[in-house]
Amino acid sequence: MDYINLNKSAWDKRTGIHFVSEMYDVDGFLNGNTSLKEIELSEVGDVSGKTLLHLQCHFGLDTLSWARKGAEVTGVDLSPESIRKANELKERASLEGEFICSDVYGFEKLTTPKYDIVFVSYGALNWLSDLDHWARIVAKSLKVGGHLHLIEFHPAHNLYCGDSYFSHKEPDINEGGAYTENCSGETVKMATWSHPLSEVINALINNGIAIDHLNEFPFTPFNNFENLEEKEKGRFYLQNTKHSIPLIFSIKGTKHFADSST
Ligand SMILES: C[S@@+](CC[C@H](N)C(=O)[O-])C[C@H]1O[C@@H](n2cnc3c(N)ncnc32)[C@H](O)[C@@H]1O
């Protein structure tokens, strides 16, 4: 089965729904709000004057929020509809940035080590079959001394839901709708891959990215799983569990050496 095309068509369908959802709040963004959350704001820090590559940028809301903070941004996404909407949003917000429609793996041919920051967040890795290949593209994109900031849903949540923690070569094929409050109930097929934390870290180490930190958080900034409660503003925790369960992890990595192939 052609999983890339399956997912491309699913994300094309989701984009229009997400763009007008309360959850993504495009109007708020156009009125000056940022879509960035507390974890990335505190961990990525000052981006002004820096080149920032956002892999799997969806329709560019976070990418353009970084642009508004002064970064020179490039966003990459598989979905032509997401990229079309990202360019529309860029024009409406009068911001600068380049959006490239490409599969992450296809981007390997296009990228060069010109980025100070590679940013990847919330719901990206589960669409990728091969994390070693992903980490190679991150490394190929970073300047020496540049940083990866990955902020992602914690794979321990899979265990809590009864899903697989470890990877399988073949993806899970799920029938799902959009995850925003305005979804119509229409579903589409999508292919996803689970990745344990060790696989993420080893992929980065094996591709020359040194780990500066790994953080885990018992909350998510989105009300995007079942059984969540907003105990503090912008922090949704699982309810009724005896002990806290990690819902988000973040990694900062640095490329210290040039690779001979880059
Ligand atoms: C959950 S969204 C990204 C999360 C982002 N933080 C957001 O919500 O704005 C996942 C994105 O990954 C993209 N995607 C999925 N598979 C991809 C691939 N192989 N290459 C590039 N982009 C991909 C989808 O088109 C979608 O826009």
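1. Let's start with the ligand: one of its oxygen atoms sits 2.7 Å from an N or O atom in the side chain of Tyr24. That falls under polar contacts, meaning a pair of N or O atoms within 3.5 Å; within protein, one must be able to donate a hydrogen and the other to accept it, and residues adjacent in sequence count only if both atoms are side-chain atoms. The protein covers 96% of the 590 Å² of accessible area that the ligand has on its own. Those areas come from the Shrake-Rupley method with a 1.4 Å probe, and for residues only the protein chains shown count as cover.

2. Before going on, the ground rules. This is a predicted model, where local features need pLDDT of at least 70 and side-chain atom pairs count only at pLDDT 80 or more, while totals for chains, interfaces and linings use all residues. Numbering runs from 1 along each chain as its sequence is written, and side-chain values use heavy atoms, with hydrogens and water left out.

3. Back to the ligand, this time its nitrogen side. A nitrogen atom of the ligand lies 2.8 Å from a polar backbone atom of Val104, and there is a 3.2 Å distance between a ligand nitrogen and a polar backbone atom of Leu78.

4. Who else is around? The ligand is surrounded by 18 residues, the closest being Tyr24, His58, Asp77, Asp103 and Val104; a residue is near if one of its heavy atoms lies within 4 Å. By type, this shell splits into 9 nonpolar, 6 polar and 3 charged residues. The nonpolar class is Ala, Val, Leu, Ile, Met, Phe, Trp, Tyr, Cys and Pro, the charged class is Asp, Glu, Lys and Arg, and the others, Gly among them, are polar.

5. Helix H1 (residues 3-19) passes a simple length check: at 1.5 Å a residue its 17 residues should span 24 Å, and its end C-alpha atoms are 24 Å apart, so the two agree. The expected span is 1.5 Å times one less than the number of residues. Helices (H or I, at least four residues) and strands (E, at least two) are DSSP runs, numbered from the N terminus. At the start of H1, a side-chain oxygen of Asp2 comes to within 3.3 Å of the backbone nitrogen of Ile4.

6. Which residues of H1 are buried? They are Asn7, Ala10, Trp11, Arg14, Thr15, His18 and Phe19. Buried means under 20% relative accessible area, exposed over 50%, and partly exposed in between (1.4 Å probe, protein chains only). Their cover includes helix H2 (26-30), helix H5 (80-93) and strand S7 (188-192).

7. Helix H6 (131-141) is largely enclosed by the rest of the structure, because 8 of its 11 residues are buried. Those are Leu131, His133, Trp134, Ala135, Ile137, Val138, Ala139 and Ser141. They pack against several elements, including strand S1 (51-55), strand S5 (142-153) and helix H8 (197-206). At the start of H6, a side-chain oxygen of Asp130 reaches to within 3.1 Å of the backbone nitrogen of Asp132.

8. Two backbone angles are worth a look. Ser94 has a positive phi, near 50°, in a residue other than glycine; Ser94 sits in the loop between H5 and strand S3 (98-101) and is exposed at 66% relative accessible area. Tyr122 also has a positive phi, about 35°, although it is not a glycine. Tyr122 belongs to the loop between strand S4 (115-121) and H6, and with 12% relative accessibility Tyr122 counts as buried.

9. Ser250, in strand S11 (residues 248-255), is buried at 0% relative accessibility. What does its side chain meet? A polar contact of 2.9 Å joins the side chains of Ser250 and Glu43. Leaving aside neighbours within four places in sequence, the contacts of Ser250 include Ile39, Leu150, His213 and Phe217, where contact means heavy atoms within 4.5 Å.

10. Thr51 is in strand S1 and buried at 13% relative accessibility; its side chain reaches the backbone oxygen of Lys114 at 2.9 Å. Ile117, in strand S4, is buried with a relative accessible area of 4%. Thr51 touches Ile117 and, among others, Glu72 and Lys143.
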